[in-house]
Amino acid sequence: MLNILIFSLYLIFIYYIGYKGYKRVNTAEDLIVAGWSMPLSVVTGSLIAALLAAPFFFAAVGSGYTSGGFEGSATMGGLGTCMILGALIWTKPLRRLKGWTLADYYGLRYGSKKLGAYTGIVMAIAFGIFNAAALTVGGTYIIQQLLQIDFVPAALLFVSLTALYSVIGGLWAVAYTEIVQGALAVAGILGITIFVFIYYPDVTFNPEWWNISELFNKAGAEFWTLYLVLALGDIPAVDLGQRVAAAKSPKVAQRSMIIAGLVIIAISWIPGMLGEAFKTIYPNSTNPETLMLAFAQGYFPPLLAAIFLTAMAAMGMSTVAACYVATSGIITKNIYLDFINRNPNPKTLLRFSRLVILSSAVLGLILAVSFQKVIDLAYLAWDVIFVTIFWPIVLGPFWKRVSTPAVWASISVGLIYYIITTLTFVPSLSIQSEGFIGLINELWQAPVFSGVVISGITIVIVSLLVPPSQHVLDMHKIEKDKTLDNVGSKDELVKQ
């Protein structure tokens with residue numbers, strides 16, 4: 001009963017925020033980018049909450065349990081790194097170009113709305129379906145522990161509650177609730193960490209689990225796979241892009257990303273340490289992704305356990321809600337507005353945006369119920385992003401030579417290569433070694449890494465063969481224009 005009471009109080013809070021957001025949401029811009037008005041504190045808190053998403057943290061603890069300390073820390077370390085790299089690469093260019101969504105960067109920078117729609121579809125599938133499904137699985141675990149119900153009804157309840165407040169308040173409600181949720185999550189994570197340190201000091205930081213020399217030979221392939229797919233592959237993350245697009249200005253967007261990234265990196269060692277400790281505390285677990293929840297219920301006083309479980313549920317709900325809203329932004333702006341109805345009635349556009357949120361929720365739910373595994377679905381989403389849209393957003397702000405045909409070719413070649421090699425095999429380098437060369441060979445055998453090499457070579461060669469148009473060169477000048485860094489609010493954009 002205590003769990004239900006605390007969770008109910010939380011629901012009252014988020015739906016109150018949702019109602020406040022509903023009163024502020026009059027257009028699709030308000031729903032999707034919060035009127036381009038979010039200040040530094042809100043964007044930073046929202047980004048921290050996004051990266052501390054309970055399902056991903058649980059998955060990281062599971063990796064630590066099954067593989068080792070460094071492997072457990074790779075997920076959060078990669079997420080923090082991608083945040084800082086993204087801040088230095090695309091946050092200011094996206095805001096200078098006045099994009100609604102991350103897909104807008106590709107459409108605006110390379111002068112092709114069709115390219116924006118193409119990249120948007122890739123993002124929507126990866127994040128709006130696969131990533132949303134991964135987050136749904138993790139959130140469902142928490143609802144199961146809270147209410148002691150089976151997986152399917154827990155999944156239905158989790159998705160229904162999340163989709164409803166996303167539809168009501170949009171990004172404004174999501175971002176403001178995440179400030180509280182992020183603080184509660186950090187407190188809960190640190191609470192469990194301190195508890196383990198005090199009561200189980202002899203089961204943490206075993207040298208066999210934290211052998212740094214293994215990271216630089218064949219045995220380190222799993223760590224680098226987990227870390228690099230996130231540190232690099234998640235740079236063009238659509239949910240992060242949506243928060244950045246809503247920031248008050250380019251400066252606010254960049255600073256908030258850097259601060260959030262540093263916070264996540266500072267605590268990235270915790271999942272590996274907890275996974276190591278749980279290996280002793282809960283030997284032979286069949287689902288280590290749920291052990292943080294079991295530990296809280298088994299060792300915390302009932303009230304603290306209820307607050308912790310509710311905080312974790314809140315984190316899961318807020319992050320998957322951001323995926324829904326980001327997907328809605330892409331479909332609304334880069335497909336509906338750009339190609340289907342360029343001058344819609346504002347209310348019609350708002351209804352369409354809300355309908356896309358519901359559609360994303362349903363598709364994510366179906367996939368979550370089918371797979372019921374966080375880490376597999378999440379890394380599938382990031383793999384797809386890495387081999388397709390990584391190079392255009394990484395090279396674009398720095399190399400004016402990148403041309404529109406090169407971007408089309410790079411994305412398409414990367415996607416086709418990834419699909420084919422995932423279903424068949426990766427061409428071998430025929431290198432046999434246990435050292436660093438062996439590590440490189442192991443990484444090459446993963447379709448995502450060999451695929452990103454192939455897509456990178458493609459974008460460089462085609463850009464050298466086919467130069468950019470004058471319009472694309474002009475867009476590059478705008479994305480480099482530092483005089484635009486203090487312009488960003490909705491009112492300022494309207495004045496322009």
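The mean positions of the 29 positive and 25 negative charges of the protein chain lie 16 Å apart. Lys and Arg are counted as positive and Asp and Glu as negative, while His and the chain ends are not counted. Each charge is placed at NZ of Lys, CZ of Arg, CG of Asp or CD of Glu.

The model is a predicted one, in which local features need pLDDT of at least 70 and side-chain atom pairs count only at pLDDT 80 or more, whereas totals for chains, interfaces and linings use all residues. Residues are numbered from 1 along each chain as its sequence is written, and side-chain values use heavy atoms, with hydrogens and water left out.

**Overall fold**

The protein chain has 23 helices and 0 strands. The radius of gyration of the protein chain is 22 Å, close to the 23 Å that the globule rule gives for 496 residues, so the chain is as compact as a globular protein of that length. This radius is taken over C-alpha atoms, and the globule rule is 2.2 Å times the number of residues to the power 0.38. Helices (H or I, at least four residues) and strands (E, at least two) are DSSP runs, numbered from the N terminus.

Along the principal axes, the C-alpha atoms of the protein chain fill a box of roughly 65 × 60 × 40 Å. The accessible surface of the protein chain is about 18,600 Å², and 67% of this area belongs to carbon and sulfur atoms. Accessible areas come from the Shrake-Rupley method with a 1.4 Å probe; for residues, only the protein chains shown count as cover. Of the 496 residues, 61% count as buried. Buried means under 20% relative accessible area, exposed means over 50%, and partly exposed is in between (1.4 Å probe, protein chains only). Of the contacts in the protein chain with a separation of 6 or more, 85% are between residues 24 or more positions apart. A contact means heavy atoms within 4.5 Å.

**Helix α12**

Helix α12 covers residues 250-266, 17 residues in total, and reaches 25 Å from its first C-alpha to its last, close to the 24 Å expected at 1.5 Å a residue. The expected span is 1.5 Å times one less than the number of residues. The buried residues of α12 are Pro250, Val252, Ala253, Gln254, Ser256, Met257, Ala260, Gly261 and Ile264. An α-helix has 3.6 residues a turn, so residues three or four places apart point the same way. The cover over the buried residues of α12 includes α3 (40-51), α5 (69-89), α6 (91-96) and α11 (238-245).

Asp338 is buried, with a relative accessible area of 6%. Leaving aside neighbours within four places in sequence, Asp338 is in contact with Lys113 and Lys333. Cys323 is buried at a relative accessible area of 0%. With residues up to four places away in sequence not counted, Cys323 touches Phe127, Asn131, Ala132 and Leu135.

Val369 belongs to helix α16 (residues 346-371) and is partly exposed, at 28% relative accessible area. Apart from residues up to four places away in sequence, Val369 touches Phe151, Val152 and Ala155.

The table gives C-alpha distances for pairs that involve these residues.

| Pair | Separation in sequence | C-alpha distance |
|---|---|---|
| Asp338 and Ala117 | 221 residues | 8.3 Å |
| Cys323 and Leu52 | 271 residues | 14 Å |
| Val369 and Pro55 | 314 residues | 15 Å |

**Positive phi in loops**

Lys98 sits in the loop between α6 and α7 (102-109). Phi of Lys98 is near 60 degrees, a positive value in a residue other than glycine. Lys98 counts as partly exposed at 35% relative accessibility.

Asn284 is located in the loop between α13 (270-281) and α14 (291-299). The phi of Asn284 is positive, about 65 degrees, although Asn284 is not a glycine. Asn284 is exposed, with a relative accessible area of 74%.
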